[in-house]
Amino acid sequence: MTTTEVTYGQLDRVLRSLGFSSRLVQGKPPALHYEHKETGAFITVPPFPESDRVLEHHLVTVRVTLDGFGIADPIAFAAQVQKAG
């Protein structure tokens, strides 16, 4: 699977700065759920260590969700991720 230059820690910081809250859901497999209460946007990713590089398909999912719900366009999101690094 293809990874990006972004870590899961960076992704977490950016999502929180955009107003998302998160919770760990125990299950098989466990999942990290991010919710943006203002818009109803919902993102789920596996609970990888913060230092792990984000899988490309997870980053695409986040970009599409943020853009689709009007939270951040792809250019603004990319700038925030770069700052979080």
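Predicted model: local features only at pLDDT ≥ 70, side-chain atom pairs only at ≥ 80, totals over all residues.

**Core and contacts**

Modeller: Leu-11, Leu-15, Phe-20, Leu-66 and Phe-77 touch the most other members of the largest nonpolar core, which has 22 residues. Such a core is a set of buried Ala, Val, Leu, Ile, Met, Phe, Trp, Tyr and Cys residues joined through side-chain atoms within 4.5 Å. Buried means under 20% relative accessible area, exposed over 50%, partly exposed in between (1.4 Å probe, protein chains only).

Colleague: Which element supplies the largest share of this core?

Modeller: Helix α1 does, with four residues. Helices (H or I, at least four residues) and strands (E, at least two) are DSSP runs, numbered from the N terminus.

Colleague: What is Leu-15 in contact with, leaving aside neighbours within four places in sequence?

Modeller: Phe-20, Tyr-34, Ile-43, Val-62 and Leu-66. Contact means heavy atoms within 4.5 Å.

Colleague: New topic. How many aromatic pairs are there in the whole structure?

Modeller: One. Tyr-8 and Phe-48 form a tilted pair, 5.1 Å centre to centre with 50° between the planes. Ring centres of Phe, Tyr and Trp (its six-membered ring) must lie within 6.5 Å; planes under 30 degrees apart count as stacked, over 60 as edge-to-face and the rest as tilted.

Colleague: Is Tyr-8 buried or exposed?

Modeller: Tyr-8 is buried, because its relative accessibility is 6%. Phe-48 is partly exposed at 34%.

Key: Residues numbered from 1 in each chain as written. Heavy atoms only, no water.
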